[in-house]
Amino acid sequence: MSPARRSLEPGLIIAAGAVAALQVWKLPPALPVLQAQLELTLLQSGFLLSAVQGSGMLLGLLVGQWGDAQGLRRSMWRGLLLLAVASALGGLSAVCAPDVTVWMLLCSRLLEGLGFLLTVLPGPALLRRSVPAQQLAPFLGYWGTYMPVGMSLALLVGPFWLEQAAWPTWWFLFSLLSVGMAWVLKRGVAEDPTETLHPFEVAAMVQRLRMTLSAIGPWVIAAMFGVYSSQWLAVVGFLPSIYAAAGVKGAALAILSALAAAANIIGNMMSGRLLRRGWSERSTLLTGYAAMAVGSWLAFDPITQDAPWVRYSGVLLFSSIGGLIPGTLFSLGVKLAPAPQLVGSTVGWMQQLSATGQFFGPPLAAALAMAVGGWQLTWLFTGSCCAVGALLAWLVSRHPLIRQ
């Protein structure tokens with residue numbers, strides 16, 4: 001592969017992650033439409049929003065190891081093809097009765113979760129192979145933007161698309177996009193070195209599992225990812241529904257929701273630069289969790305109910321500075337992997353606990369809102385998550401590799 005094409009590899013890898021994130025986030029802008037047409041309850045909407053994380057919650061570590069075995073590049077393009085199939089099935093579910101459509105959407109979201117894992121878990125290890133060591137921290141920060149980039153694009157385009165076309169076309173659009181990205185990735189990223197490929201053997205898998213899970217580092221950073229992602233998905237994922245219920249529609253709904261998601265990119269990109277300038281991982285993590293706690297309080301507490309722009313500023317603070325957390329955790333995932341060949345497994349465990357948080361976060365936030373008759377106590381849920389994350393950030397700072 002020529003040097004010019006080689007230089008494009010990091011961008012293609014990050015773009016593949018963003019396309020996978022689009023699949024996850026195509027649902028929030030469609031929720032108001034689905035709630036109206038399929039008569040979804042708020043709790044059903046929460047499970048539909050989080051169902052895509054079911055595969056990650058159950059299979060993240062296993063899929064990470066399978067991806068290591070079959071090859072990083074191969075795992076990514078196969079995951080994109082699986083996303084395409086799952087999204088097409090979701091669109092086809094519209095021809096069924098409403099109850100059947102809901103169940104088919106849930107099943108397709110679970111399948112999308114598996115495709116998402118196959119696509120994104122190899123990302124950090126593939127970047128490690130594609131960029132010089134001294135540039136890895138910034139690129140891992142850029143990698144952390146794949147989720148907010150995908151989400152902001154979906155939230156920006158979705159309301160306009162869904163005003164003009166039926167919701168199944170939204171699903172078919174992303175199916176075609178995933179196929180195209182798989183083709184570009186396969187042609188634009190170098191093949192996996194032969195020496196990195198190995199059979200997926202049970203004995204070797206058990207050994208890698210033991211090595212990964214017997215180390216404290218993967219557990220702590222995975223738990224931090226879980227408490228971060230559970231609250232971020234709960235807050236930002238429900239924004240279109242919250243604003244639609246408040247009478248915000250059309251362009252305003254799309255722009256406000258998309259900006260809230262896109263703000264997360266700022267923190268992700270800042271994380272790598274701050275770490276290179278000498279900030280400690282503990283400092284960036286504590287700053288992120290503190291901002292999320294304060295931002296969610298401003299966004300939901302009744303004291304700000306007559307100040308909508310203060311509330312929206314709280315959402316932006318929550319999302320933007322909170323973005324320091326995933327960028328830092330991906331860097332720690334590479335740093336604290338028990339061995340270089342276990343980066344995929346470590347990131348898989350991070351993704352598994354992140355998915356667990358995302359699976360339970362939206363339904364818990366929705367159940368709390370239903371119990372108290374509104375979203376005014378959401379900050380208690382997010383604040384509790386931030387307190388746990390801050391405690392874990394202090395704990396991981398005691399790790400010998402961090403203190404060096």
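1. Helix 12 supplies five residues to the lining of the largest cavity, the largest share of any element.

2. The structure holds one cavity of 30 Å³ or more. Its lining comprises 16 residues, and those nearest the centre are Met147, Phe225, Tyr228, Pro326 and Gln358.

3. Ala222 also belongs to helix 12. Its relative accessibility is 0%, so Ala222 counts as buried. Met350 is 128 residues away from Ala222 in sequence, yet the two C-alpha atoms are 3.9 Å apart in space.

4. What is the geometry of the Trp25 and Trp232 rings? The search of the whole structure returns twelve aromatic pairs. In the pair of Trp25 and Trp232, the ring centres are 5.7 Å apart and the planes stand at 85°; the pair is therefore edge-to-face, since an angle over 60 degrees counts as such. Trp25 is in helix 1 (residues 3-25) and Trp232 in helix 12 (residues 216-245), so this contact ties together parts that are 207 residues apart in sequence. Both partners fall under the 20% cut-off for burial: Trp25 counts as buried because its relative accessibility is 1%, and Trp232 counts as buried at 4%.

5. Phe139 and Tyr142 make another edge-to-face aromatic pair, with 5.5 Å from centre to centre and 80° between the planes. This pair is local: the two residues are three apart in helix 8 (residues 136-143), and are therefore separated by about one helical turn. In an α-helix there are 3.6 residues a turn, so residues three or four places apart point the same way. Tyr142 has 24% relative accessibility and so counts as partly exposed. Separately, Phe116, Trp143 and Tyr146 form one aromatic cluster.

6. The ring of Trp77 deserves a separate entry. The charged end of Lys186 sits over this ring, 4.1 Å from the centre. The charged end of Arg78 also sits over the ring of Trp77, at 5.9 Å from the centre.

7. Is Gln164 buried or exposed? Gln164 lies in helix 9 and counts as exposed, because its relative accessibility is 68%. Its C-alpha atom is 42 Å from that of Gln70, which is 94 residues away along the chain.

8. The length of helix 15 (residues 308-320) can be checked directly. With 13 residues and 1.5 Å a residue, the helix should span 18 Å; the end C-alpha atoms are 18 Å apart, so the expectation and the model agree. The buried residues of helix 15 are Tyr312, Gly314, Val315, Phe318, Ser319 and Ser320.

9. On confidence, the protein chain has a mean pLDDT of 84, with 93% of its residues at 70 or more. Helix 14 (residues 281-300) has the highest mean, 94, and helix 19 (residues 400-403) the lowest, 56. Where pLDDT is low, the predicted coordinates should not be read in detail.

Methods
Residues are numbered from 1 along each chain as its sequence is written. This is a predicted model: local features need pLDDT of at least 70, side-chain atom pairs count only at pLDDT 80 or more; totals for chains, interfaces and linings use all residues. Side-chain values use heavy atoms; hydrogens and water are left out. Helices (H or I, at least four residues) and strands (E, at least two) are DSSP runs, numbered from the N terminus. The expected span of a helix is 1.5 Å times one less than its number of residues. Buried means under 20% relative accessible area, exposed over 50%, partly exposed in between (1.4 Å probe, protein chains only). pLDDT is the predictor's confidence in each residue, from 0 to 100. Rings of Phe, Tyr and Trp (its six-membered ring) pair if their centres lie within 6.5 Å; planes under 30 degrees apart count as stacked, over 60 as edge-to-face and the rest as tilted. A charge sits over a ring if NZ of Lys or CZ of Arg is within 6 Å of the ring centre and within 35 degrees of the ring normal. On a 1 Å grid over the protein atoms alone, a cavity is a set of points where a 1.4 Å probe fits but cannot get out, and a pocket is an open set with protein on both sides within 12 Å along at least five of seven lines; lining residues have an atom within 4 Å of a point. Grid points are joined across faces, edges and corners, and a volume is the space filled by probe spheres set on the points.
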